[in-house]
Structures are given as C-alpha cells and as structure tokens.
Amino acid sequence: MLFVFHFSGNKKVDAGGDPGTAMMANPGDISIAYFNMDSVMSQWNLYDEYQQDLEQKQTELEADFAGRTETFYQSVQDAQYKIQRGLVTRTEAEELQQQLASEEQSLQVLQNQYMVQLQEEGMVKNRQMLDMIARYVAELSEANGYSYVYSYTFGGNLIYGAKPYNITESVVAGLNERFKPGIELD
C-alpha cells in the first residue's frame, strides 16, 4: 500500500481500487455546530412579521365569518317571527326553513374553507422560512467549514451541545441581515 501511495502522487487510493472508499473522511476533519431553532424563530424579524401577517389574516377571516354569521342569525330570527305570527303560508315557511338550512350548511363549509386556507398558508410560509434557514445555514457551513450543523429544539434529538459549537447568534444575525421584513417569500 505504501508503494502505491508513494507512486500515485499522494492521491488517496484504496487497495481494492474503489474510488468511493478513497474519499473517506478523516474524523479529525469533521467540524460540528448547532443552533437553537426556537431562538432563531423568536429573534428573526422576518419570522415575526410572518406571524403578524398570519394573525392579521386570521382576524380578517374571523371578522368576515362573524359578519356572515350575524346576517344568518338575523335571517333566522326574521323567519321565526314570520312563521310564529302566521305571516307566511306553510309552503313559504318550509321554503324559508330549507333556505336557512342551506345557508347554515354553507356557513359551515365556509368556516372549514377558512380554517384550511389558514393552515395551508401557515404550512407554506413555514416551509419557505425553513428553506431560507436551510439555504443560509448551508452557506454559513460552507464559509466556516462545518461538516454538520444540527438544529436544536426543546424535546428534540439533540440533548446537549457545548457552548463553543452554538452558532445560534450567527444564524439569527445572518438571517436578519439577508432576509429583512417586507421581502416577498419565494
């Protein structure tokens, strides 16, 4: 093996000739870092803006639904008044009840649509944010020579990380610098 190593120009060559095993990593060359995902999310200005936007959207949808629900309840009260006082025929009363049942079902469908819409928007934005973090951490790793970067969350798989390997502050600072509030998520 020494003979092959010497005459191959110091290229790493496996005795079996398999080029895949020639690129074995030296454990001393591995550099590991970690960051606290919860801290990144709580200190990242863009994530805070995203949360506020989502809360505003939820408030708008809730207000719209409350207005529609109030209109429905007024229609119910009006129909009850007409039916109780005998101001409509039995056929008209049945039509009113069918119409109100249909409106109530439509309200339930709308409520479900709003919930699904909010959940979907939240999931998409979360994925976008996680993608930005992953891309930034990959660049940070490349620049600093990290072989592995782990994210830590309370109750997650990483139980302990020594302070010198914690890059949370660098990640937060970099994300706040690169992805400022007001940018469109891609």
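This note goes through the fold, the helix packing and a few individual residues of the structure above.

1. Basis of the model. The model is predicted, so that local features need pLDDT of at least 70 and side-chain atom pairs count only at pLDDT 80 or more, while totals for chains, interfaces and linings use all residues. Residues are numbered from 1 along each chain as its sequence is written, and side-chain values use heavy atoms, with hydrogens and water left out.

2. Overall fold. The protein has six helices and two strands, where helices (H or I, at least four residues) and strands (E, at least two) are DSSP runs numbered from the N terminus. Their order from the N terminus is α-α-β-α-α-α-β-α. Of the 186 residues, 24% count as buried, a term that means under 20% relative accessible area, with exposed being over 50% and partly exposed in between (1.4 Å probe, protein chains only). Among contacts (heavy atoms within 4.5 Å) between residues at least 6 apart in sequence, 84% join residues at least 24 apart.

3. Helix α4. This helix covers residues 45-84, and its 40 residues should span 58 Å at 1.5 Å a residue, which agrees with the 58 Å between its end C-alpha atoms; the expected span is 1.5 Å times one less than the number of residues. Its buried residues include Leu 46, Tyr 50, Leu 54, Leu 61, Phe 65, Phe 72 and Val 76, and among the elements that cover the buried residues of α4 are α3 (37-43), α5 and α6. After α4 comes Gly 86, which has a positive phi near 70 degrees.

4. Packing of α4 on α5. The axes of these two helices come within 10 Å and cross at roughly 175 degrees, where axes are lines fitted to C-alpha atoms, for helices over the stretch in contact, and angles run from 0 to 180 degrees between N-to-C directions. The two helices are therefore roughly antiparallel, given that angles under 35 degrees count as roughly parallel, over 145 as roughly antiparallel, 65 to 115 as roughly perpendicular and the rest as oblique. The contact of α4 with α5 has 19 nonpolar, eight polar and eight charged residues; here Ala, Val, Leu, Ile, Met, Phe, Trp, Tyr, Cys and Pro count as nonpolar, Asp, Glu, Lys and Arg as charged, and the others, Gly among them, as polar.

5. Packing of α5 on α6. Helix α5 (residues 90-144) and helix α6 (residues 168-178) have axes that come within 10 Å and cross at roughly 115 degrees, which makes α5 roughly perpendicular to α6. On the α5 side, Met 132, Ile 133, Tyr 136, Val 137, Glu 139 and Leu 140 meet Ser 170, Val 171, Gly 174, Leu 175 and Arg 178 of α6. By class, seven of the residues in this contact are nonpolar, two are polar and two are charged.

6. Thr 168. This residue is in helix α6 and counts as buried because its relative accessibility is 9%. Leaving aside residues up to four places away in sequence, Thr 168 touches Tyr 34, Phe 35, Asn 36, Ser 39 and Val 40.

7. Two loop residues. Ser 147, in the loop between α5 and β2, is partly exposed at a relative accessible area of 39%, and its C-alpha atom is separated by 5.9 Å from that of Ile 32, although the two are 115 residues apart along the chain. Gly 161 is in the loop between β2 (148-152) and α6 and counts as partly exposed at 23% relative accessibility; Gly 161 and Ala 33 are 128 residues apart in sequence and 8.3 Å apart in space, C-alpha to C-alpha.
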